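Please look through the model below before reading my comments. They are written for someone new to reading structures.

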Amino acid sequence: MSFALKQHSPESASPLSAPLELTVGEVHRLSPAQIREAVSTMVAQGRMPLATAICEAALALNPDSEDLLVISCLLAEVLQDWARAEELLIQLVEVQSPNTTAQTWLHLARVARCQNKLDDAWVVLDFAASRFPDDQMIQEELKSVNEFIQLQTQDRIR
């Protein structure tokens, strides 16, 4: 499988520019940052199957790369592949640990929520809120999950 990536003129190419032609088998030639940028371009072009194949091949070579895990997580979220997104986010948490970002925790909670795993989302958000007490997005998401859990509990009681 061969595919072309949009390339600027050689004069304007940065060291991180992706090559003009790339096959899944040639992913090893690129850095994780280059792959992240190439996949981002593919997603913008609507080339999701290709972006997915590149991410999978790249992750097979560099399973602990934050760049690859982040772009792969985002791609899985765009594709609404919640189980895959959760798997990748858990791996990202392990790689970032103990410095997991607020954004990573927020994405993990939202992916859990998309799978109707409200208890899991609450646990993630409660922990994240303790680590990032001033993060407004985490606080808002925690409040929202709490409200939703309360509504479900009230519905069960009735």
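The points below go from the overall fold to one helix pair, the core and a few backbone details.

1. Overall make-up. This is a predicted model. The protein has 7 helices and 2 strands, and along the sequence these follow the pattern β-β-α-α-α-α-α-α-α. Of its 158 residues, 37% count as buried. Among contacts between residues at least 6 apart in sequence, 44% join residues at least 24 apart.

2. How α5 and α6 are placed. Two packed helices are described by the angle between their axes and the distance between the axes. For helix α5 (residues 102-114) and helix α6 (residues 118-131), the axes come within 7 Å and cross at roughly 165°. Angles over 145 degrees count as roughly antiparallel, and α5 and α6 are therefore roughly antiparallel to each other. Their crossing is left-handed.

3. What α5 and α6 touch with. On the α5 side, the contact is made by W105, L106, L108, A109, A112 and R113. On the α6 side, the residues are L118, D120, A121, V124, L125, F127 and A128. Sorted by class, this contact of α5 with α6 has 11 nonpolar residues, 2 charged ones and no polar ones.

4. The core. Which residues touch the most other members of the largest nonpolar core? Of its 40 residues, these are I35, V39, I54, L125 and I138. At least two residues of this core come from each of α1 (32-44), α2 (48-61), α3 (66-78), α4 (82-96), α5, α6 and α7 (136-157). The largest share, 8 residues, is supplied by α2.

5. I138 in detail. Leaving aside residues up to four places away in sequence, I138 touches A102, L106, L125, A128, A129 and F132. Of these, L106 of α5, and L125 and A128 of α6, also take part in the contact between those two helices.

6. Backbone points to check. Most residues other than glycine have a negative phi, and most peptide bonds are trans. The peptide bond from S97 to P98 is cis, with omega near 5°; P98 is in the loop between α4 and α5.

7. Positive phi values. Q80, which is not a glycine, has a positive phi near 55°. Q80 sits in the loop between α3 and α4 and is exposed, with a relative accessible area of 55%. N116, also not a glycine, has a positive phi of about 60°. N116 lies in the loop between α5 and α6, and is exposed, at a relative accessible area of 53%.

Key
Residues are numbered from 1 along each chain as its sequence is written. This is a predicted model: local features need pLDDT of at least 70, side-chain atom pairs count only at pLDDT 80 or more; totals for chains, interfaces and linings use all residues. Side-chain values use heavy atoms; hydrogens and water are left out. Axes are lines fitted to C-alpha atoms, for helices over the stretch in contact, and angles run from 0 to 180 degrees between N-to-C directions. Helices (H or I, at least four residues) and strands (E, at least two) are DSSP runs, numbered from the N terminus. Angles under 35 degrees count as roughly parallel, over 145 as roughly antiparallel, 65 to 115 as roughly perpendicular and the rest as oblique. A crossing is left-handed if the near helix is turned anticlockwise from the far one by less than a right angle, and right-handed if clockwise. Contact means heavy atoms within 4.5 Å. Ala, Val, Leu, Ile, Met, Phe, Trp, Tyr, Cys and Pro count as nonpolar, Asp, Glu, Lys and Arg as charged, and the others, Gly among them, as polar. A nonpolar core is a set of buried Ala, Val, Leu, Ile, Met, Phe, Trp, Tyr and Cys residues joined through side-chain atoms within 4.5 Å. Buried means under 20% relative accessible area, exposed over 50%, partly exposed in between (1.4 Å probe, protein chains only).
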